Amino acid sequence: MYGMVNEGLRQLVTRRHGEEAWGRVVDRSGGRARTFVAMRTYDDALTYQLVTAAAEELAIPLPELLESFGEFWITDTAERGYGALLDVCGASFPDFLTHIDGLHSRIKLAMPELDPPSISTIVVAPGLLRLRYESKRAGLAPFVIGLVKGLAKRFAQSVSVEQVASKDAGAAADEFLVHHRPLA
Amino acid sequence: MTSSLRLDASGLDAAFPFHFVLDDGLAIVATGRVLRRLLPTGIEHTPVDTLFECVRTPAELTLREITADPERCWLLRAKQVPSLVLRGQFVPTADGTVLFVGGPRIDIDTLKELGLTLNDFAAHDAAGDFIFLVNAQQASLADAARLSDELGRLNVELEDRVKARTVELSTANAQLMRTASDLVSTLEPGERAYSC
């Protein structure tokens, strides 16, 4: 994974729990690097170790931490370097989500090592989307829920996300129903 | 190899959302789905040179000029939407019309100004990829600055620690010397010589 993912986790932990907490997370993960180069690729295992160590160190259930991280990824990490770009990635919440695979393929020019998941979204009805997420990486469904919630914030939508199929439970892919409406 | 390929309006829209078609009198007869949104309404049958002007070369938009070389690159500015500059080429078609295929020259600010998103571009159009590329480079520079600041901060921290440790060591050393000297002063002259 690109370093910006690990860096995003560092920002989340330091922002909410302080620099020292991040130091303890890194120590617990068995790693040494406390900061990461955004555009360098690191082994996926390192990210998993850091996320697991953060959940343990901060006593937050892993799925809950992953969901917070997904939301933070949109509202803070991506916003920081790519905010203006996010503005032109979709005219609306459904428009953004239904074109996300296309966006990933456009990013490949800038980030050739990117190994993105496949996310296909269809509009079931106004205010209701069905999102299918397929990735070779395991256990990241809560992160996807967080991403969707972060995006909803960006587009001033209230949202609820319901997982209706789970790869961990034997389904071919994770699937979610996303109910959304404009914030009052 | 030849082909009798024909594209209907929806095919043209999907492949070239910024295209337009001119009749042999150079009036607009059709526009792509995204270009239609950017230009004023009711432009059908409007002569092309009332809507666009050449940016790079002072060429006249005449049938002779635009059909002289289908591979020539044209830059056309929309007179009523100055931030819209289309880059593309005019291709004569079998039915006597002229098809313009191309897309807007873009950066993020222009996209925002025009109310466009990357989803308005055809899947084959790499313009959006370059927006990501430029943005990624800018983000990388910011990241390098962050890492440099972090390195500077760590360096200062390390220097401060070394200084503090040096002071500690020199204080401890002085203390040790004093203790040794005190000890020596308590010894009898004979013992003192022996101790030295």
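## Helix H6 of chain A

A:His104 is located in helix H6 of chain A (helices are DSSP runs of H or I with at least four residues, strands are runs of E with at least two, and both are numbered from the N terminus). This is a predicted model, in which local features need pLDDT of at least 70 and side-chain atom pairs count only at pLDDT 80 or more, whereas totals for chains, interfaces and linings use all residues. Residues are numbered from 1 along each chain as its sequence is written, chains are lettered from A and ligands numbered from 1 in the order in which they are written, and side-chain values use heavy atoms, with hydrogens and water left out.

A:His104 has a relative accessible area of 18% and is therefore buried (buried means under 20% relative accessible area, exposed over 50%, and partly exposed in between, with a 1.4 Å probe and protein chains only). Leaving aside residues up to four places away in sequence, A:His104 touches A:Leu114, A:Pro116 and A:Pro117 (contact means heavy atoms within 4.5 Å).

The helix spans residues 100–107, and its buried residues are A:Ile100, A:Leu103, A:His104, A:Arg106 and A:Ile107. These residues are on the same side of H6(A), because they cover an arc of only 160 degrees around the axis (the arc is that of the directions from the helix axis to the C-beta atoms). In general, an α-helix has 3.6 residues a turn, so residues three or four places apart point the same way. The cover over the buried residues of H6(A) includes helix H5 (93–98) and strand E1 (118–125) of chain A, and also helix H6 (127–185) of chain B.

## Packing of H6(A) on H6(B)

The axes of H6(A) and H6(B) are 8 Å apart, and the two helices pack at an angle of about 65 degrees (axes are lines fitted to C-alpha atoms, for helices over the stretch in contact, and angles run from 0 to 180 degrees between N-to-C directions). The crossing of H6(A) with H6(B) is right-handed (right-handed if the near helix is turned clockwise from the far one by less than a right angle, left-handed if anticlockwise).

On the H6(A) side the contact is made by A:Leu103, A:Ser105, A:Arg106 and A:Ile107, and on the H6(B) side by B:Gly128, B:Asp129 and B:Phe132. By class, this contact of H6(A) with H6(B) has 3 nonpolar, 2 polar and 2 charged residues (Ala, Val, Leu, Ile, Met, Phe, Trp, Tyr, Cys and Pro count as nonpolar, Asp, Glu, Lys and Arg as charged, and the others, Gly among them, as polar).

## Packing of H4(A) on H6(B)

Helix H4 of chain A (residues 62–87) also packs with H6(B), at an angle of about 160 degrees and with the axes 10 Å apart. H4(A) and H6(B) are therefore roughly antiparallel (angles under 35 degrees count as roughly parallel, over 145 as roughly antiparallel, 65 to 115 as roughly perpendicular and the rest as oblique). Their crossing is right-handed.

From H4(A), A:Gly81, A:Tyr82 and A:Leu85 meet B:Ile131, B:Phe132, B:Asn135, B:Ala136 and B:Ala139 of H6(B). The contact of H4(A) with H6(B) has 6 nonpolar, 2 polar and no charged residues.

## Packing of H1(A) on H4(A)

Within chain A, the axes of helix H1 (residues 3–17) and H4(A) come within 9 Å and cross at roughly 105 degrees. H1(A) is therefore roughly perpendicular to H4(A). Residues of H1(A) in the contact include A:Met4, A:Gly8, A:Gln11 and A:Leu12, and those of H4(A) include A:Phe72, A:Asp76 and A:Thr77. By class, the contact of H1(A) with H4(A) has 9 nonpolar, 4 polar and 4 charged residues.

A:Thr77, in helix H4 of chain A, is buried at 12% relative accessibility. Not counting residues up to four places away in sequence, A:Thr77 touches A:Met4, A:Gly8, A:Gln11 and A:Phe72. A:Asp76, in helix H4 of chain A, is partly exposed, with a relative accessible area of 22%. The C-alpha atoms of A:Asp76 and A:Leu12 are separated by 8.6 Å, although the two residues are 64 residues apart along the chain.

## Loop residues

Two alanines of chain A have a positive phi. A:Ala59, with phi of about 55 degrees, is found in the loop between helix H3 (44–58) and H4 and is exposed, with a relative accessible area of 67%. A:Ala156, with phi near 50 degrees, lies in the loop between helix H7 (141–154) and strand E3 (157–165) and is partly exposed at 39% relative accessibility.

In chain B, B:Pro70 lies in the loop between helix H4 (63–68) and strand E4 (74–78) and is partly exposed, with a relative accessible area of 36%. B:Pro70 touches B:Gln89, B:Phe90 and B:Pro92, not counting residues up to four places away in sequence. From C-alpha to C-alpha, B:Pro70 and B:Phe90 are 5.6 Å apart in space, and they are 20 residues apart in sequence.
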